[in-house]
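This report describes selected features of one protein structure. The sequence and the structure are shown first, and the description follows.

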Amino acid sequence: MDTMRDRFVDVTSRLLDEDPRLAVVLADITAAAFTPAQERHPDRVVNVGIREQLLIGAAGGLALTGMRPVAHTFASFLIERPFEQVKLDLIHQGVGAVLVSAAGSYDWPAGGRTHMSPGDVALLDTLPDWTVHVPGHPDEAEQLLRHAYTDGDRNVYVRLSAHQNAAPVAVEPGRFTTVRTGSRGVVLAVGPMLDAVLAATEGLDATVLYAATVRPFDAAGLRAAAGDRADVVLVEPYLAGTSASAVHEALADRSHRVLGLGVPREEHRHYGSIPEHLAAYGLDAPALRERIGTFLW
């Protein structure tokens, strides 16, 4: 199976041939994979080197000329390191870009804390009008990337991961998908957390919703799934509770409880594999079953 990052390179390279408005800005990461596209379009595939602030600044400049820029590197270097440029060169200037990340919260544990960004989506929540896609499979990534590139001039963040589900879900951008129905509460699984959530809730009387788009938050979809028993468990592949405020807002007119599960704020200093990190965070299927069961029952 290919990865989301492989699919990003393939889809974007093909669309560069079709859309003269599309441009890609890189900061060394994944640059070699774009070499063929760069040879065909040297004016629209730009590698600025390890200069992440310039990466976003260049994307903002391209957007000012009417281009649809795509900026790509690891999440910690795409959102956290150049956050001032995201705030000023995109939002303040009133232009849009597509930011495509890799190595989100725990994808490359050997890289250490510098290559982990569990707070990226929460950080973007401090800025207005972002669309945020969190695909759980390469097929979903392709669909959401194509949608992002043609989504007018909006600012869009596509959070790719090496952690992925075994099979794709038929997703609609901006809408949650009902995967399983039940009566004792709702478990909202985001992106690559779906497989673990399905395993954890097997045989439990709970509705499972799937979110590959988290911003804008599908409040109507959650309300419809929650019904009168508005107990919600969020399972996110980034900072625990990132979407809790969105859930509270969606259910403000009814009694409800929310449990936010995800990557903790505490730093884990012993770096292992992705499965080892998920187990340490309480995000593998056995831990999720215990935490979800205790909350809903």
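Q85 is buried, because its relative accessible area is 17%; buried means under 20% relative accessible area, exposed over 50% and partly exposed in between, with a 1.4 Å probe and protein chains only. This is a predicted model, in which local features need pLDDT of at least 70 and side-chain atom pairs count only at pLDDT 80 or more, while totals for chains, interfaces and linings use all residues. Residues are numbered from 1 along each chain as its sequence is written, and side-chain values use heavy atoms, with hydrogens and water left out.

Q85 lies in helix α5; helices (H or I, at least four residues) and strands (E, at least two) are DSSP runs, numbered from the N terminus. Leaving aside neighbours within four places in sequence, Q85 is in contact with Q53, I56 and L90, where contact means heavy atoms within 4.5 Å. Between Q85 and V45 there are 20 Å in space, C-alpha to C-alpha, and the two are 40 residues apart in sequence.

## Packing of α3 and α5

The axes of helix α3 (residues 52-64) and helix α5 (residues 83-92) come within 9 Å and cross at roughly 10°. Axes are lines fitted to C-alpha atoms, for helices over the stretch in contact, and angles run from 0 to 180 degrees between N-to-C directions. The crossing makes α3 roughly parallel to α5 (angles under 35 degrees count as roughly parallel, over 145 as roughly antiparallel, 65 to 115 as roughly perpendicular and the rest as oblique).

On α3 the contact is made by Q53, I56, G57 and G60, and on α5 by Q85, V86, D89 and L90. These residues divide into three nonpolar, four polar and one charged. Ala, Val, Leu, Ile, Met, Phe, Trp, Tyr, Cys and Pro count as nonpolar, Asp, Glu, Lys and Arg as charged, and the others, Gly among them, as polar.

## Aromatic pairs

The structure holds five aromatic pairs. Rings of Phe, Tyr and Trp (its six-membered ring) pair if their centres lie within 6.5 Å; planes under 30 degrees apart count as stacked, over 60 as edge-to-face and the rest as tilted. The rings of Y106 and Y281 form a tilted pair, because their centres are 6.3 Å apart and their planes stand at 50°. Y106 lies in the loop between β4 (98-102) and α6 (120-124) and Y281 in the loop between α11 (274-280) and α12 (285-296), so the pair ties together parts that are 175 residues apart in sequence. Both Y106 and Y281 are buried.

One aromatic cluster is formed by F74, F77 and W108.
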